[in-house]
Amino acid sequence: MHTVVEREVETRLVLAPELSVAVPARLSYRTDDPYAVHMTFHIHSATPVRWTFARELLVEGVVQPCGDGDVRVWPTSVADRDVLCLALSSPNGDALLEAPSQVVSDWLERVLRAVPPGSESEALGLDEQLTGLLEQ
């Protein structure tokens, strides 16, 4: 049986240094996909936007800047609020989003309890699958 750890979070899409708009999002983690986290934006719209990226990227990003591709993450403070910045790049455009650091950190704690770091391959059950294939 697999576990799903989800959390809705109010992110902010940064349009300019002093201008941002609220974008509802959902963080999702599935123990049957232990290396990835999923983030869905516009969760109440007909066409939500989904991003999938490495769990380790988010774990590292809550404490220090990381990432050098389509997803970059770093902690910062904005107007006396601790936020986690997510810079997302795609062929369709770029976006800079801010999420409350504590909300993301609390969700990550639940994720790391579900599948502790270093045990991701066990969560996949590769050994059991390989044994099953070899017994056929």
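I count a residue as buried when its relative accessible area is under 20%, as exposed when over 50%, and as partly exposed in between, using a 1.4 Å probe and protein chains only. On that scale, 33% of the 136 residues of the chain come out buried.

**Ground rules.** This is a predicted model, so I am noting that local features need pLDDT of at least 70 and side-chain atom pairs count only at pLDDT 80 or more, while totals for chains, interfaces and linings use all residues. Residues are numbered from 1 along each chain as its sequence is written, and side-chain values use heavy atoms, with hydrogens and water left out.

**Overall layout.** I looked up the secondary structure next, taking helices (H or I, at least four residues) and strands (E, at least two) as DSSP runs numbered from the N terminus. The chain has four helices and seven strands. Read from the N terminus, the order is β-β-β-β-α-β-β-β-α-α-α. The C-alpha trace spans about 60 × 30 × 25 Å along its principal axes. For contacts I used heavy atoms within 4.5 Å. Taking contacts between residues at least 6 apart in sequence, I find that 35% join residues at least 24 apart.

**The core.** I defined a nonpolar core as a set of buried Ala, Val, Leu, Ile, Met, Phe, Trp, Tyr and Cys residues joined through side-chain atoms within 4.5 Å. The largest one holds 27 residues, and M39, F41, F53, L58, V73 and W107 touch the most other members. Helix α2 (residues 101-114) gives this core its largest share, five residues. I then followed M39: ignoring neighbours within four places in sequence, M39 has contacts including V9, L27, W51, F53 and L86.

**The pocket.** My search ran on a 1 Å grid over the protein atoms alone; a pocket is an open set of points where a 1.4 Å probe fits, with protein on both sides within 12 Å along at least five of seven lines, and lining residues have an atom within 4 Å of a point. Points are joined across faces, edges and corners, and the volume is the space filled by probe spheres set on them. The largest pocket has about 260 Å³ of space. Its lining has 13 residues, with F41, V49, W51, L88 and A95 nearest the centre. Strands β4 (49-54), β6 (81-90) and β7 (93-100) each supply at least two lining residues, and β7 gives the largest share, four. I sorted the lining with Ala, Val, Leu, Ile, Met, Phe, Trp, Tyr, Cys and Pro as nonpolar, Asp, Glu, Lys and Arg as charged, and the others, Gly among them, as polar. That gives eight nonpolar, four polar and one charged residues.

**Cysteines.** How many disulfides (cysteine sulfur pairs within 2.5 Å) are there? I got zero across the whole structure. C66 is in none, and the nearest cysteine sulfur, that of C85, is 12 Å away. Both are buried: C66 has a relative accessible area of 9% and C85 has 5%.

**Two spot checks.** R72 sits in strand β5 (residues 71-78) and is partly exposed at 36%. Beyond residues up to four places away in sequence, R72 touches C66, G67, C85, L86 and A87. From R72 to L96, 24 residues along the chain, the C-alpha separation is 9.5 Å. S121 is in helix α3 (residues 120-124) and is partly exposed too, at 37%.

Note on methods: Disulfide = S-S within 2.5 Å.
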